[in-house]
Structure formats: C-alpha cells, structure tokens
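The sequence and structure are shown first.

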Amino acid sequence: MTDIFSILKSDHDLHRTMLAKIAETSGDTAERRDLFEAFRIEVTAHAAAEEQSLYATMLADPDLQDDGRHSVAEHKEIDDMLGELQETDMATGAWLTKFKEMRHRYEHHIDEEEEEMFPAAQEQFSRAKSMELGATFDRRKPAELEVAEASDNGDHKN
C-alpha cells in the first residue's frame with residue numbers, strides 16, 4: 001500500500017511525460033489524436049479519484065478547505081480546456097495555442113499541489129490517514145478510467 005501523496009506525485013510525473021510527448025507532435029495525426037486521448041482519459045480519471053479521496057477529506061477539514069476548493073475549481077477549468085481541445089481541429093494553430101495554454105495551466109496546478117497543498121495536508125493527516133486515502137484513490141481510479149474512456153467528444157458539445 002502506498003500513501004496518497006506518493007501515488008499522486010507518480011501520476012503527475014506520468015502526466016508531465018505525456019504532455020511533453022503531445023507537444024512533440026504536429027498536425028492532425030493519429031499519433032497526436034492517440035496521445036491526446038490517452039492524456040485526456042488519464043487526467044480525467046486522476047482528477048475524479050483525487051477529488052473522491054484527498055479533496056473529499058480536505059474539504060471536510062476547516063484548515064484545508066480553501067486549498068481543496070481551489071484545486072477542485074482548477075480541475076474544472078482544466079476539464080473545460082480539454083473539452084475545447086476536443087472540439088478544435090488538431091491541424092490548426094488554434095489547437096496548438098489552446099494545448100500550450102492547457103499544458104501551462106495543468107503543470108502550474110500540479111506544481112502548486114506538490115509544493116504547497118500536499119505538504120499542508122501531510123501536516124494535518126496521520127500516516128495511517130495518508131495510506132487510507134491512497135487505498136481509496138487506488139480503488140476509485142480504475143472505475144474512473146472506465147468512465148473517462150466511455151465519454152467522448154459528444155460530452156463537450158455546446
């Protein structure tokens with residue numbers, strides 16, 4: 001069993017790698033579509049499982065509530081950006097501009113989590129609580145991956 005913070009950091013490292021690979025692609029290619037879809041599914045499932053484990057606990061703690069709310073709001077913002085990217089032609093400069101903006105926002109978000117929020121939460125949580133939240137995350141993420149895989153472009157149409 002692993003603590004929640006180690007699990008989330010490991011996911012964040014994977015996300016950084018995935019974003020770098022997408023950034024190396026160009027045009028509306030199968031590679032770009034596949035890499036972007038894999039990232040969208042992974043980050044959507046990660047965010048949902050993170051909200052159901054870490055953030056549900058943070059929102060219940062008056063000392064951590066503001067940080068929890070801030071992160072949940074950023075998750076929504078990033079999810080909206082992913083939806084916009086799904087609707088934008090990958091062959092256009094507009095897609096690349098939106099992708100760079102989303103990447104910047106997401107990397108800022110995970111840096112902020114790792115540098116500020118996780119240490120604050122670690123101070124409040126016992127080791128046992130951190131392990132329990134890790135187990136909750138590990139239970140939820142596979143189900144959330146299925147939900148994210150089942151959702152497609154149609155979910156974000158206006």
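Helices α1 and α5 are oblique to each other, because their axes meet at an angle of about 45°. The model examined here is a predicted one. The axes of α1 and α5 (residues 127-150) lie 7 Å apart. On the α1 side the contact is made by Ile4, Phe5, Ile7, Leu8 and Asp11, while α5 contributes Ser130, Leu133, Gly134, Phe137, Asp138 and Lys141. These contact residues divide into 6 nonpolar, 2 polar and 3 charged.

**Helix pairs**

Two packed helices are described by the angle between their axes and the distance between the axes.

| Helix pair | Angle between axes | Distance between axes |
|---|---|---|
| α1 and α5 | about 45° | 7 Å |
| α1 and α2 | roughly 160° | within 10 Å |
| α2 and α3 | about 165° | 10 Å |

Helix α1 covers residues 4-23 and helix α2 covers residues 30-59. An angle over 145 degrees counts as roughly antiparallel, and α1 and α2 are therefore roughly antiparallel to each other. Their crossing is left-handed. From α1, the contact draws on Ile4, Phe5, Leu8, Asp11, His12, Leu14, His15, Met18, Leu19, Lys21 and Ile22. From α2, the contact residues are Leu35, Phe36, Ala38, Phe39, Glu42, Val43, His46, Glu50, Ser53 and Leu54. By residue class, this contact of α1 with α2 comprises 13 nonpolar, 4 polar and 4 charged residues.

Helix α2 also packs on α3, and these two helices are therefore roughly antiparallel to each other as well. Here, too, α2 passes α3 in a left-handed crossing. The α2 residues that meet α3 include Phe36, Phe39, Arg40, Val43, Thr44 and Met58. Their counterparts in α3 include Arg69, Val72, His75, Asp79, Leu82 and Leu85. The contact of α2 with α3 divides into 10 nonpolar, 6 polar and 7 charged residues.

In soluble globular proteins, nonpolar side chains tend to be buried together. The largest nonpolar core of this model has 16 residues, and the members touching the most others are Phe36, Phe39, Leu82, Trp95, Phe99, Met102 and Tyr106. Helices α1, α2, α3 and α4 (93-124) each supply at least two residues of this core. Its largest share, 5 residues, comes from α4. Apart from this core lies another, of 15 residues, among them Phe5, Met58, Phe125 and Phe137.

Leaving aside residues up to four places away in sequence, Leu82 touches Phe36, Phe39, Arg40, Val43, Thr44 and Met102.

**Two exposed residues**

Which residue lies in a loop, and which in a helix? Ala60 is placed in the loop between α2 and α3 (65-87), whereas Glu149 is in helix α5. Ala60 counts as exposed because its relative accessibility is 63%. Glu149 is exposed as well, with a relative accessible area of 51%.

The C-alpha atom of Ala60 is separated by 24 Å from that of Met1, 59 residues apart along the chain. For Glu149 and Ala38, which are 111 residues apart along the chain, the C-alpha atoms are separated by 8.9 Å.

Notes. Residues are numbered from 1 along each chain as its sequence is written. This is a predicted model: local features need pLDDT of at least 70, side-chain atom pairs count only at pLDDT 80 or more; totals for chains, interfaces and linings use all residues. Side-chain values use heavy atoms; hydrogens and water are left out. Axes are lines fitted to C-alpha atoms, for helices over the stretch in contact, and angles run from 0 to 180 degrees between N-to-C directions. Helices (H or I, at least four residues) and strands (E, at least two) are DSSP runs, numbered from the N terminus. Angles under 35 degrees count as roughly parallel, over 145 as roughly antiparallel, 65 to 115 as roughly perpendicular and the rest as oblique. A crossing is left-handed if the near helix is turned anticlockwise from the far one by less than a right angle, and right-handed if clockwise. Contact means heavy atoms within 4.5 Å. Ala, Val, Leu, Ile, Met, Phe, Trp, Tyr, Cys and Pro count as nonpolar, Asp, Glu, Lys and Arg as charged, and the others, Gly among them, as polar. Buried means under 20% relative accessible area, exposed over 50%, partly exposed in between (1.4 Å probe, protein chains only). A nonpolar core is a set of buried Ala, Val, Leu, Ile, Met, Phe, Trp, Tyr and Cys residues joined through side-chain atoms within 4.5 Å.
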